[in-house]
Amino acid sequence: MSMLSSGRAAVAVVSLGLAACTVLAQVAPATVDAAPAVVEQRSIGEWLTRMHDASRKRAYTGTFVVSSEAMLASARIWHACEGEQQIERVDALTGPPRTTFRRNDHVVTFLQDSKVARMEKREALGLFPNLLQAADTSIAEFYSAKRLGQDRVAGFEADIVLLKPKDKLRFGYRVWSEKKSGLVIKLQTLDVDGKVLEQAAFSELQIDAPVRLDSLARMMNKTTGYRTERVETLVADPAAEGWALSEPVPGFRSMSCIKRAPQPGMPPSTMQWVFSDGLASVSLFVEPYDAQRHLKEGLVGMGATQSLMRRSEDWWLTAVGEVPVATLKSFAAALQRTRK
Amino acid sequence: MQVTTMNQDDVLKLHERLSALADGELDGDETAQLMAAPRAGRDGLHATWQTYHLIGDVLRGGEQTAVHASSDFLSRLQTRLAQEPPLVPARPVAMPVAEPVAVVVHGREPANDASFRWKMVAGCASFVAVAALAWTVVGGAGSPVPQPQMAAVEAPVVEAKAAPQVVEQEVRLPSGEAQVMLRDARLDELLAAHKQAGSSSALQMPVPAGLLRSATFTAPER
């Protein structure tokens, strides 16, 4: 009798389970089908805005690894934000030990071996939204976005988006964007053949981590035991400095131009002129030619970053950017001195 | 058996510092002080350290992270919590210094990687990566740049040498091997400046300029 009733109970449970499964099976595919359709239709602007916002509006901590054929470097990162304030701490895990704090556009770098705390003011981030609004078609003109699928990185589900360049003057990117927040958790830079030049990814990550802005700020201000150095940068006008591009390189617009304040005993200050096409940036460093220091013209490539060094009469140009060498050569050819 | 000479307050303060270290909120000086804590307070400190991490993992990761605590650790933990003096010194004194470094690195793994097996894999993977890097450096160093390069501009950890010269620096890789890498200090500085100012990009992952300073350059110089 007891066996019979338990048998009936078992049958009841099994049939309930089967019923539940069929119901779920009918419901689930519908939701799975609906989501990718929405995701596929995002434009490149939408993808990029989502990624950019996530990096500014979410607190996160994690370990970050940058690797290319010739190098591997990693760092531990904390990021906190409150309203418009952003604060970040990066501890380098490879190379000489150093910790960089960034609070909006103030940066303090603690160099642990030499006990120096370097303070600088960098260009405020957030240029991208302006870029997007000012020239709405600009990025879409030179890149296209396509969702390739999905993958799991550092424990998070992510959409894989391919940002494909429309010409040979820039690199392509494969971006793993976390599904819920849009945070970029892995990024591959691809050269014109589609080969991976460099990969940057979180090996472990915690989004919405309990990182407090005030505790990071406190650590940033603690310079006891360190000698403080201030690096002054001045905004410069390339035209006033006597430089211009004879013809613009397609897609790249002038973003900023700075000069570092000259320091005693150091070579005369270099002008840095920054261009960007929205995803890649190029810096042109121009300084007076010095036969003793400037000995080697040529090209150096490291991961995705290419550099070109060239002498132009009395000036020495170093062009650096995450772009193909051909683009750097175009910049070097177009850069002209407008006054003696 | 060693009689502890620290009073209750000191022990509490030590535990507070330990907790701050576990949360990554302790800066360089305080960490050094903590590491130099008097030996008397070391009893049970390691168990306390593991407890803090376990608490953190469980709070963040949920129940499954609690499973991987070894029974050995649990029994030591119980001993500690009961405030009874340990009958046998649990670990040699040197261990608490070495272990926290390892624990900090692995302490924030997501819940699904809690098993020791995956920690080993991660450890092996990072070792292989380091070995690959060392191999590249040793292999690539076969063609050193012979002539003197740009002047030794003040770069972070450089001993000043007479200009003009290639700046040589010993870099400690995580595996402990010292490798000598030839670097062009001036280009290095410009690269750093480029990375800092190149924030006009939607894809600006938090790649700090300093991250690339430790890298070698590839050979293709034309």
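Residues are numbered from 1 along each chain as its sequence is written, and chains are lettered from A in the order in which they are written. Because the model is predicted, local features need pLDDT of at least 70 and side-chain atom pairs count only at pLDDT 80 or more, whereas totals for chains, interfaces and linings use all residues.

**View 1. The twelve-stranded sheet of chain A.**
Twelve strands of chain A form an open sheet with mixed pairing, in the order β7-β8-β9-β10-β11-β1-β2-β3-β4-β5-β6-β12. Strands (E, at least two residues) and helices (H or I, at least four) are DSSP runs numbered from the N terminus, and two strands pair if DSSP finds at least two bridges between them. At the edges lie β7 (143–153) and β12 (227–231) of chain A, each pairing on one side only. On average, neighbouring strands of this sheet are turned by 15° against each other, direction ignored. Within the sheet, β4 (residues 98–103) and β5 (residues 106–111) of chain A run antiparallel and are joined by six bridges. Arg102(A) stands opposite Val107(A) in β5(A).

**View 2**
Contact between two residues requires their C-beta atoms, placed from the backbone, to lie within 7 Å.

**View 3. The pairing of β17 and β20 in chain A.**
Strands β17 (residues 281–288) and β20 (residues 315–321) of chain A run antiparallel, with seven bridges joining them. Val286(A) has Leu317(A) in β20(A) as its bridge partner.

**View 4. Helices α1 and α3 of chain B.**
Helix α1 (residues 8–22) and helix α3 (residues 45–61) of chain B pack with their axes 10 Å apart, at an angle of about 45°. The two helices, α1(B) and α3(B), are therefore oblique to each other. From α1(B), His15(B), Leu18(B), Ser19(B) and Ala22(B) meet residues of α3(B), including Trp49(B), Tyr52(B) and His53(B).

**View 5. Confidence in the two chains.**
Confidence in each residue is given by the predictor as pLDDT, from 0 to 100. Chain A has a mean pLDDT of 82, and 81% of its residues reach 70 or more. Over residues 27–34 of chain A, pLDDT stays under 50, and the model has zero contacts beyond four places in sequence for them. Chain B has a mean pLDDT of 58, with 32% of its residues reaching 70 or more. Among the elements of chain B, α1(B) has the highest mean pLDDT (81) and strand β2 (residues 178–183) of chain B the lowest (37). Where pLDDT is low, the predicted coordinates should not be read in detail. For the complex, the predictor gives an ipTM of 0.75 and a pTM of 0.58.

Conventions
Axes fitted to C-alpha atoms, helices over the stretch in contact; angles between N-to-C directions. Parallel < 35°, antiparallel > 145°, perpendicular 65-115°, else oblique.
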